[in-house]
Amino acid sequence: MPADRAGYTVTMFVIDVSPSLGKMRTIQLPPGPDGESRSKEVTNLEWALQFVLLKVQEMIFNGRKTDQCGVILFGTTKSKNCVHSEHGGYENVTEYIPIAHPTTKTLDMISAIRPSTVHGDALDGLIVAIQTQAIHLGKKASWTRKIVLITDGESEFATSDWETTAEKLNELDVYTTFIGIDFDDEGYTEKGKSESKRKNEVFYRELESQVVQGLLGSCYQALEDCALPEVKPIKPTAKNITFIIGDHEVQSDEAIEISARVHKVTSKASAVTLKKFIKREATNTNDVDGDATMKTYADDNGGGTGTTFAAVERETKYIVKPQPEKDTKTETQTQTQTQEELAQEEEEIPGIQVEAEDLVKGYKYGATWVLVEDGFERLPTKMGIEVIGFMHASKLNRSYLMGEVYCLSADHNSARSQIALSSFIRAMAIKDVLAIVRWVHSSEAEPRMAVCSPVVEPVADYMFMVRVPFAEDIRNYTFPSLDNLKNRKGESVSKHPNLTTDTMVHAMEKWVDAMDLMKAEEQDDGTKGPWFDTSRSYNPAIHRTKQALFHAAIVNDLVKDPLPPPHPELTRYFQCPGPVRDKAKKSLEKLKKVLDVKLVPPKVAGKKKVNVVDATEHVGEDFSVADLLGEDSSGASIEPSASLASLSLKGQAKHASVRGKATRDAKRLSDNGNDTEDDDDDGLVPPMGSTRPAQKPKPQLPTPSKSPAAKKSPPKSRTRAEADIRPGRIIGNAFPLDDFKSNLERGDVVSKALQDMGDVITEIVEESFSTQRYDEALSCMKEMRNTALQEDDVGLWNTFLQAFKKKCASKGFKHKDFWDRVKVIGMAISLITDKEADRHEGYSEFTEMQAVQFISS
């Protein structure tokens, strides 16, 4: 068997260049653009050299310096080899290319080989290859030795003492391949052979049978196998790691640590990365020689000027574009603009170029941008695999598995570790459970969650380990029921166009059964088996691209010699079996009739409101990571982050994105519940961002007793304490509506503002003195509902309202009468219905009838 490790191989190509190799043959090419048949004339030697070129290209493509090759020619007019120089004899054999890692120059030299005028001896060439390979490798017994002999079998040569050559090949464990031009294949016999060719072919087959690692085939079969997709197994490198059972930090005396090893079992194969080139006209050779990244191709006319291809290099520039001013055009005028005109207008907006060091990294937390100027500190993690818990194997959701598969086994040098881990694995197998582990592949690396599956074998016990997501990374989405529809009254409907019938279900089952591929392939024993085999399925993007690169490297004209069709194995699963397709087609037609399937014209997409989020927007002096994360472990509130307090690009101009100002309520109810004639705007400072001048507060009337104080106005600039903004929030309890609108104007904290507003509404109702803040809470609820509907956060409002209703009805809640005020307002403050959400291109699971029942109960 070849060496487990990749590379470390020396391949000798022994090529016959006798005059008979100059015989011409016709090769069929892929059809032309109009479907016409095409062919070309080549010599037998040129045809055979394609195999050598493809094999050498494979070595260059892999890029391993330990993949080496050499070329020996027999039938040359001169004699130049190590055996002839030392002992004489072995004439007409030349060491054409010394053993080394191949380069593009190697391909050029192989392509330049031409037939000679002298006949050669194949055994002499084989012996010279064995000796040359042995001298180069010396005592490197771990290296793999390969010899490929290519001939047409037409030249006569002495076959005496060939058994000694076969014994030497077996002694050195050389993988020997004999490729014959127009040799017989299994099940096919070439016609028109000469007598000497028939005799030599019999000799080669006898020689191959005496070589333990021997193989013989035709050149046609060899070229076809080169196009066969090949998955190369690579022996991975195992990494030592500690497997921990129990809490080794808190209860170290009860924890178990086992020395283990982990390595990859699967590895993702990717297509080769391609570089971009651009054509340039080279006027002289100096222009080309001055740039190492440029490659020149001579013109067909043989002139001095050639077409130069220069590598395209990436250059990154950072441009800060100002936000466009509010457009005064009407909606009709805006809709008449084409996408090209809008793109042209955007390109014409001048921008400010900034340097990379002037930028600050930003991370998105929901709809909020959190800027971190100095980066995050690395977690103080310790390398190891720690068992977190167990789950039954049947409970595993396979959609959670992600990434590559790893193998976890005990340390080979520790018998104690092998016994301990084997006991653990066998116990898991008996209980049919999987282990959930926390995996840190190196110290201070990010922790990962993984699931381990036990594997018990007679030779060794080990576990397969696959990464799984954290619980916070899993998103659950709810969808309306497909078989339980309700009308507007909330009653279940049994008959509806969207409800399936037994006839529909039966027709669908017939169609699914007709597409069954588990018995669509005839096996060797005549029985039916699965049609799809994972081991024979290949990625066309990888193998076809590789084939195209190899072909383009060995031909001079891709128009005259186009890329051949892909190997049949590569396209094996492109089309499903014919009988299955025909059977499924009949079932599909019946299903269409039962379901009354009709062609629906494409829906014209409505104009959706786009929320512009500007990461460079100033978010306020009091906004920091503490607003998002709350207090630290000691209970003290986290100070505002400097990177969030000032989001300027180190002196660059700021451009804010403004959403549009929300309107304020003109009048409010007084504390005693009666309407007043006074305008409540009197004595109030306009909210942040408002252009309306502030009105002077009206003086209080002189009375014998103390008159009720006028409502306190929110100052233009207030601290978090004055606004009663509690840790972890951006909405204060003192002026919630003003804070809410101010944050909406900033445009990048919508979800956070809605969430905080819900918490604040609950608190101000619960902390209200009598009914003093009821009307303020209702105004906040109206604004919150409207914003949630406009900003596509329907689920957030509906969730809040359901929880708030339960809160109002709970035993410990002292203001249960507040919900009566909500019921008076009615649907304007109830759950957002599906129809409302549809008008704003959102989604809601509640119907109008459900919303009515909810608000009235």
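Two strands count as paired if DSSP finds at least two bridges between them. By that rule β1 and β4 pair, because 8 bridges join them. Within this pair, V10 has Q68 of β4 as its bridge partner.

This is a predicted model. The chain holds 24 helices and 26 strands. Of its 857 residues, 36% are buried. Among contacts with a separation of 6 or more, 68% link residues 24 or more positions apart.

**Open sheet**

- An open sheet is built from 6 strands, in the order β5-β4-β1-β6-β7-β8. Its pairing is mixed.
- β5 (93-100) and β8 (214-218) are the edge strands. Each has a single partner strand, so one side of each lacks a neighbour in the sheet.
- From one strand to the next, the twist averages 15°.
- β1 and β4 (residues 67-74) run parallel.
- Helix α1 packs on this sheet. The strands that α1 touches are β1, β4, β6 (144-151) and β7 (174-180). The direction of α1 makes about 165° with that of β1.
- Helix α3 (residues 104-111) also packs on the sheet, where α3 touches β4 and β5. Its direction makes about 165° with that of β5.

**Loop residue K23**

- K23 sits in the loop between β1 (9-16) and β2 (24-29).
- The relative accessibility of K23 is 58%, so this residue counts as exposed. The cut-off for exposed is over 50%.
- Leaving out residues up to four places away in sequence, K23 touches V42, T43 and N44.
- K23 and P115 are 92 residues apart in sequence. Their C-alpha atoms are 9.4 Å apart in space.

**Barrel**

- A barrel closes from 7 strands, in the order β9-β10-β19-β22-β21-β20-β18. The pairing here is mixed.
- Strands β19 (residues 402-410) and β22 (residues 461-468) run antiparallel. They are joined by 5 bridges.
- In that pair, M402 stands opposite R467 of β22.

**Hairpin**

- β16 (residues 361-365) and β17 (residues 368-372) are antiparallel strands joined by 5 bridges.
- K361 has V372 in β17 as its bridge partner.
- The two strands, β16 and β17, form a hairpin with 2 residues between them. In the turn, G366 has a positive phi of about 70°.

**Helix pair α1 and α13**

- Helix α1 (residues 44-62) packs against helix α13 (residues 540-554) at an angle of about 120°. Their axes are 10 Å apart.
- The two helices, α1 and α13, are therefore oblique to each other. Their crossing is right-handed.
- On the α1 side, the meeting residues are L53, L54, Q57, E58 and F61. On the α13 side they are K546, F550, H551, A553 and I554.

**Helix pair α19 and α21**

- α19 and α21 pack at an angle of about 15°, and their axes are 11 Å apart.
- That angle makes α19 roughly parallel to α21. The crossing of α19 and α21 is right-handed.
- α19 makes this contact through S751, L754, Q755, G758, I761, T762, V765 and E766. α21 contributes L796, F800, F804 and K807.

**Nonpolar cores**

- In soluble globular proteins, nonpolar side chains tend to be buried together.
- The largest nonpolar core here has 40 residues. Those with the most contacts inside this core are M781, W797, F804 and F818.
- The elements giving two or more residues to this core are α18 (736-746), α19 (750-766), α20 (774-790), α21 (794-809), α22 (818-825) and α24 (848-856).
- Setting aside neighbours within four places in sequence, W797 is in contact with M781, M784, R785, A788, I829, S830, L831 and I832.

Note on methods: Residues numbered from 1 in each chain as written. Predicted model: local features only at pLDDT ≥ 70, side-chain atom pairs only at ≥ 80, totals over all residues. Heavy atoms only, no water. Helix = DSSP H or I, 4+ residues; strand = E, 2+ residues; numbered from the N terminus. Core = buried A, V, L, I, M, F, W, Y, C linked by side-chain atoms within 4.5 Å. Buried < 20%, exposed > 50% of the residue type's maximum accessible area, 1.4 Å probe, protein only. Contact = heavy atoms within 4.5 Å. Axes fitted to C-alpha atoms, helices over the stretch in contact; angles between N-to-C directions. Parallel < 35°, antiparallel > 145°, perpendicular 65-115°, else oblique. Left-handed = near helix turned anticlockwise from the far one by under 90°.
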